[in-house]
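Please look at the sequence and the structure shown here, and read the report that follows alongside them. The report goes through ring contacts, then the sheets and the helices beside them.

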Amino acid sequence: MSDALLEALGAARPLVWSNPDYRPAEDPQAQAELKIALADWDAAAGLLAALFPETGPEGRIRSRLVPVPQGVLPAGVPGSVFMKADNDLPVAGSVKARGGLFEVVTTAIAQAREAGLLAEGEDAAKLASPELRDFFRARTMSVGSTGNLGLSVGITARALGYRAVVHMSADAKAWKVKRLTDLGVSVIQHASDYTAAVAAARDAAALDPLCHFVDDEDSPTLFRGYSASAAELAEELAAQGIEIGPERPLMVYLPCGVGGAPGGTAQGLRAVFGANAHGFFCEPVQAPSGLVRLAYKGKYKTVYDVGLTNKTEADGMAVATFSDFVAGRMEERLAGAFTVGDDTLFTYLLKAHDQMGEKLEPSAASAFRGPEMVMLSDDAAGFRAQHLAGVDPAQVVHVVWATGGRFVPEAQYSAFVTEARKLALV
Ligand SMILES: Cc1ncc(COP(=O)(O)O)c(C=O)c1O
């Protein structure tokens with residue numbers, strides 16, 4: 001591994017890393033897992049519609065695909081650019097609705113089936129009925145989180161009647177803690193980072209046989225839930241008349257913390273688009289846990305080991321140690337990763353606000369840097385030569401994944417916008 005990469009990482013310089021082991025190809029494992037994910041979402045649809053009217057009569061958690069207008073990205077970035085508006089997802093207001101909510105409802109269905117309270121094939125909407133309340137009230141859902149996963153798990157668990165416990169890291173924003181406590185969720189705040197909060201949550205959950213622990217570092221269920229987003233994206237692109245193929249490749253930029261959300265989506269993309277989609281993780285310069293894990297194959301375990309602080313305004317991405325489970329899934333499936341400074345978060349939070357009327361939290365704005373980094377930077381020249389050779393750059397379709405924002409309280413959001421305007425002036 002080149003020392004130049006280590007030096008640039010340690011100096012917190014924004015950079016692109018192309019994965020030398022990347023093998024874009026048809027992917028039967030990804031396809032089989034996506035099929036299961038879609039069937040599980042279908043089985044939960046009646047329950048979602050009953051619990052959360054905002055998911056519509058179809059009980060679907062889905063977001064808009066929005067064209068990014070000219071002027072948001074720097075001039076000269078080739079191709080068409082879209083934003084996947086998970087910042088506005090129903091129920092949890094972030095991408096975590098695709099994972100945490102999914103794990104809670106699929107676990108509830110499995111528990112009810114096992115207890116003989118729900119027959120195979122019976123509509124899971126029954127789980128929202130008052131008779132099931134006592135069954136769920138005796139049980140607990142627990143999770144460790146930087147904030148948004150806790151919201152997604154807490155909201156869904158409480159809606160079903162579970163007790164809910166969320167262990168939060170020191171980075172967790174006060175408004176996320178308040179929102180959870182208002183819902184009757186027990187919040188345990190740790191002075192430590194996210195990795196330590198998850199470990200504490202895991203240990204506490206192990207003492208209670210009626211507690212289900214949503215393990216953000218190691219959950220195939222969470223991962224499966226997220227993966228279904230790729231099928232949704234395929235429907236939306238098709239509805240806009242965009243056919244992804246060898247001459248019209250898809251590039252997707254995914255904000256990354258511990259890896260479940262972006263990893264699940266990246267694997268789903270492989271299932272749906274085969275070799276024609278390329279997923280990139282996007283990480284804070286001070287917390288590139290996925291890049292460190294994948295580039296150094298475990299030689300450096302945490303971002304602290306390469307001299308970084310894990311401090312960033314992108315609270316959802318303030319993760320020092322990447323998931324081993326997701327690392328295994330990404331080895332050949334991830335095109336690469338890039339890092340951004342906190343100034344980038346505020347630049348794009350403001351552009352999305354002013355030019356698109358979209359409300360993002362800082363983590364969610366990070367992916368907007370992707371098209372420029374991957375299409376124009378010297379760092380990514382090797383990727384372009386290997387994977388975009390012969391492709392007209394104007395044909396490339398870019399999707400920046402905006403991962404959260406809807407629930408940010410107005411006072412906090414205007415503080416972000418004011419801060420961003422100040423930074424834009426300097
Ligand atoms: C807004 C936002 N974006 C991105 C992420 C990263 O997701 P993951 O930790 O699954 O990689 C998170 C995680 O909480 C988040 O809250």
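In this predicted model, phenylalanine 223 and phenylalanine 325 are both buried. The structure holds 11 aromatic pairs, and phenylalanine 223 with phenylalanine 325 is one of them, in an edge-to-face arrangement. This pair links distant parts of the chain, since phenylalanine 223 belongs to helix α8 (residues 220-227) and phenylalanine 325 to helix α12 (residues 324-330), 102 residues apart. Another aromatic pair, formed by tyrosine 348 and phenylalanine 368, is stacked. Here tyrosine 348 lies in helix α13 (residues 342-356), while phenylalanine 368 lies in the loop between α14 (362-365) and α15 (370-376), 20 residues apart, and the pair again links distant parts of the chain. Both tyrosine 348 and phenylalanine 368 are buried. The table sets out the geometry of these two pairs.

| Aromatic pair | Arrangement | Centre to centre | Between the planes |
|---|---|---|---|
| Phenylalanine 223 and phenylalanine 325 | edge-to-face | 5.3 Å | 80 degrees |
| Tyrosine 348 and phenylalanine 368 | stacked | 5.4 Å | 10 degrees |

Ring pairs also link Tyr253, Phe280, Phe338 and Phe383 into a cluster. Rings take part in contacts with charged side chains as well: the charged end of arginine 139 sits over the ring of phenylalanine 135, 3.9 Å from its centre, and arginine 179 lies over the face of phenylalanine 407, at 3.8 Å from the ring centre.

Strand β9 deserves a separate description. 8 of the 8 residues of β9 are buried. In a regular strand the side chains alternate between the two faces of the sheet. Both faces of β9 are covered, with Ala277, Gly279, Phe281 and Glu283 buried on one side and His278, Phe280, Cys282 and Pro284 buried on the other. Strands β8 and β9 run parallel and are joined by 6 bridges, and leucine 254 has phenylalanine 281 in β9 as its bridge partner. Between these strands the chain crosses from β8 through α10 to β9, and this β-α-β crossover is right-handed. Strand β9 also pairs with strand β10 (residues 336-340) in the parallel sense, over 5 bridges, and the partner of phenylalanine 280 in β10 is glycine 336.

Another open sheet is made of 4 strands in the order β6-β5-β4-β7, and its pairing is parallel. The edge strands are β6 (186-189) and β7 (211-214), each of which pairs on one side only. Neighbouring strands of this sheet are turned by 20 degrees against each other on average, direction ignored. Strand β4 (residues 140-145) and strand β5 (residues 163-168) pair in the parallel sense over 6 bridges, and within this pairing serine 145 has methionine 168 of β5 as its bridge partner. Helix α3 (residues 100-114) packs on the sheet, touching β4 and β7, with its direction at about 150 degrees to that of β7. Helix α5 (residues 148-160) lies across β4, β5 and β7 and runs at about 170 degrees to β4.

Strand β5 is mostly covered, as 5 of its 6 residues are buried. Together, β4, α5 and β5 make a right-handed β-α-β unit. Strands β5 and β6 pair in the parallel sense over 4 bridges, and the bridge partner of valine 165 in β6 is serine 186. A right-handed β-α-β unit is likewise made by β5, helix α6 (residues 174-182) and β6.

Technical notes. Residues numbered from 1 in each chain as written. Predicted model: local features only at pLDDT ≥ 70, side-chain atom pairs only at ≥ 80, totals over all residues. Heavy atoms only, no water. Phe/Tyr/Trp six-rings, centres within 6.5 Å; stacked < 30°, edge-to-face > 60°. Helix = DSSP H or I, 4+ residues; strand = E, 2+ residues; numbered from the N terminus. Buried < 20%, exposed > 50% of the residue type's maximum accessible area, 1.4 Å probe, protein only. Lys NZ or Arg CZ within 6 Å of the ring centre and 35° of its normal. Pairing = 2+ DSSP bridges. Axes fitted to C-alpha atoms, helices over the stretch in contact; angles between N-to-C directions. Contact = heavy atoms within 4.5 Å. Right-handed = clockwise from strand over helix to strand, strands pointing away.
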